[in-house]
Amino acid sequence: MYYKLKPVYILRGWNKMAWTLVQRPRNQVRKLNQKEFQTLLLCDGSTDFESEYISDEIKTVLHQFEAEKIVETCEKVDILMDDQYYHYYDNRFVRSIFWSVTGRCNFRCRHCYMDAPSGSLGELSNGQAIALIDQMAECGVLRVDITGGEPFVRKDFWELVDRILSYKITIGQVYTNGWLINDIVLDEFEKRMLRPEFSISFDGIGCHDWMRGVKGAEEAVVRALELCKKRKFFTDIEMCIHKGNLCMLRESVLQMAKLGVTSMKCGLVAETELWKKNGEGNTLNYRAYVEAMIDYIPHFYEDGMPMNLMLGGVISLYKNSSQYEIVAESYNGTEKYLRHHLCGAVRYSCYITPEGRLLPCMPMTACKEQELFPLVQDIGLKQGLNDGFYMNIVDSRVEDLLAVNTECAACEHKYVCGGGCRASALEQDGDLMGCDRNYCMLWKEGYIDRIREVTEAAIAKYCPNHTENHPNT
């Protein structure tokens with residue numbers, strides 16, 4: 001009797017993560033233990049499992065995989081497709097890359113960190129972009145999320161998409177202002193058997209045109225969302241909060257939910273050089289922003305928990321659920337978290353700027369120190385992923401921070417806070433191992449308790465039948 005992996009499964013490995021099973025087409029990753037890995041290596045369609053050399057332990061694991069429909073039987077030798085066989089990549093595992101394919105845009109946003117209308121960051125040439133995609137494949141990247149500027153203004157957009165798909169790398173999300181989304185664009189995705197989630201910027205009812213600098217921008221967002229809902233493409237929204245649109249948050253959440261939006265992320269508008277010039281007095285300080293988000297929380301439950309909603313830096317709320325996560329409450333307060341990475345997200349993802357600079361995350365673009373990070377066209381993606389300054393962020397642990405940051409080390413909240421965001425610390429303190437002053441405020445001034453109390457009171461008042469515990473407990 002022979003067994004083989006089903007066609008949607010492949011075996012892969014990377015440095016420090018040598019045994020994994022990847023399920024296509026979404027390229028979901030499952031870590032394997034040694035015995036599981038050994039068993040699946042034998043499921044190659046040519047190994048006889050009735051052989052005396054196959055142990056009972058291996059057979060037990062095999063039958064577990066058979067029950068999970070990961071392997072199937074073959075009456076005779078039936079070898080795998082070439083790319084299903086185990087392949088090891090001699091580099092750190094990066095599941096996804098967030099890539100700004102261009103620095104150009106058709107909008108005139110008042111806060112754009114890359115000054116996209118002027119195209120100051122440009123974009124990689126076609127040859128450089130194709131070479132980058134080839135390097136992604138050589139490093140075993142499984143997913144690419146595409147952003148800009150506005151990605152659809154890039155003339156070779158579909159050529160880049162096709163190159164990505166040629167390596168069976170999935171495209172998970174496309175970040176866009178929505179202006180250029182139409183039936184033709186959605187047809188092109190569907191022709192490629194691809195249905196990415198569209199993440200669309202929307203800055204509030206009656207406020208969006210002002211923020212984006214183009215008349216009709218809000219109408220375009222609504223049109224795009226209606227079309228995506230009709231065509232069954234998932235959408236989410238990102239909203240930049242400032243003084244001028246705070247009053248429209250509640251109404252905007254409700255409207256977006258009616259338009260089929262599955263999730264929404266709100267965040268304080270970044271105080272970029274453009275925003276300082278064009279904000280017209282609408283800058284909101286962090287304390288006022290947090291107060292406004294706390295004031296909104298009861299409305300979310302009163303309105304029936306209409307979508308997944310992240311109030312950036314404050315709390316994540318969930319559709320039809322009383323579960324919630326307080327963002328700054330990172331750990332459970334025990335010393336075992338000292339070995340945790342300062343940022344779990346950057347362990348498995350990274351960001352590439354329009355000019356090809358490799359950063360741990362997009363918020364790092366707000367820091368002048370971004371020029372310390374490498375250009376992938378200069379040193380290559382594989383070497384970039386192992387670059388010293390880059391790896392200082394990716395590999396740093398909570399204990400590393402506490403060893404050099406005396407303020408954090410002396411703080412009574414250190415085992416639950418974990419030091420906060422490194423991009424914020426770099427921007428605020430000018431030091432990778434500095435303090436995230438936003439987290440300091442939340443913990444030291446009692447905001448964490450207030451967020452919890454307001455949320456629990458709203459759940460008790462508006463959702464008495466929901467009894468789930470939130471993930472922080």
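**Exercise 1.** Is Ile-79 buried or exposed?

*Solution.* Start with the cut-offs: buried means under 20% relative accessible area, exposed over 50%, and partly exposed in between, using a 1.4 Å probe and protein chains only. Ile-79 has 52% relative accessibility, so it counts as exposed. Before going on, note that this is a predicted model, where local features need pLDDT of at least 70 and side-chain atom pairs count only at pLDDT 80 or more, while totals for chains, interfaces and linings use all residues. Residues are numbered from 1 along each chain as its sequence is written, and side-chain values use heavy atoms, with hydrogens and water left out.

**Exercise 2.** Which residues make the nonpolar surface patch of about 270 Å²?

*Solution.* The patch is made by Val-77, Ile-79 and Tyr-85. To qualify, residues need over 30% relative accessible area and no salt bridge, and nonpolar side chains (Val, Leu, Ile, Met, Phe, Trp, Tyr) are joined within 5 Å, like charges within 9 Å. A salt bridge puts a side-chain nitrogen of Lys or Arg within 4 Å of a carboxyl oxygen of Asp or Glu. The areas are Shrake-Rupley values with a 1.4 Å probe, and for residues only the protein chains shown count as cover.

**Exercise 3.** How many aromatic pairs does the structure hold, and what geometry do Phe-107 and Trp-179 have?

*Solution.* The count is 20 aromatic pairs. Rings of Phe, Tyr and Trp (its six-membered ring) pair if their centres lie within 6.5 Å; planes under 30 degrees apart are stacked, over 60 edge-to-face, the rest tilted. Phe-107 and Trp-179 sit 5.8 Å centre to centre with 80 degrees between the planes, an edge-to-face pair. This pair links distant parts of the chain, 72 residues apart: Phe-107 is in the loop between β8 (96-100) and α3 (126-138), Trp-179 in the one between β10 (170-176) and α5 (183-191). Now check cover: Phe-107 is buried at 1%, whereas Trp-179 is partly exposed at 33%.

**Exercise 4.** Which residues form one aromatic cluster?

*Solution.* List them: Phe-152, Phe-157, Trp-158, Phe-189, Phe-198 and Phe-233. Then look at Phe-233, where the charged end of Arg-195 sits over the ring, 4.0 Å from its centre. That label requires NZ of Lys or CZ of Arg within 6 Å of the ring centre and within 35 degrees of the ring normal.

Note on methods:
Helix = DSSP H or I, 4+ residues; strand = E, 2+ residues; numbered from the N terminus.
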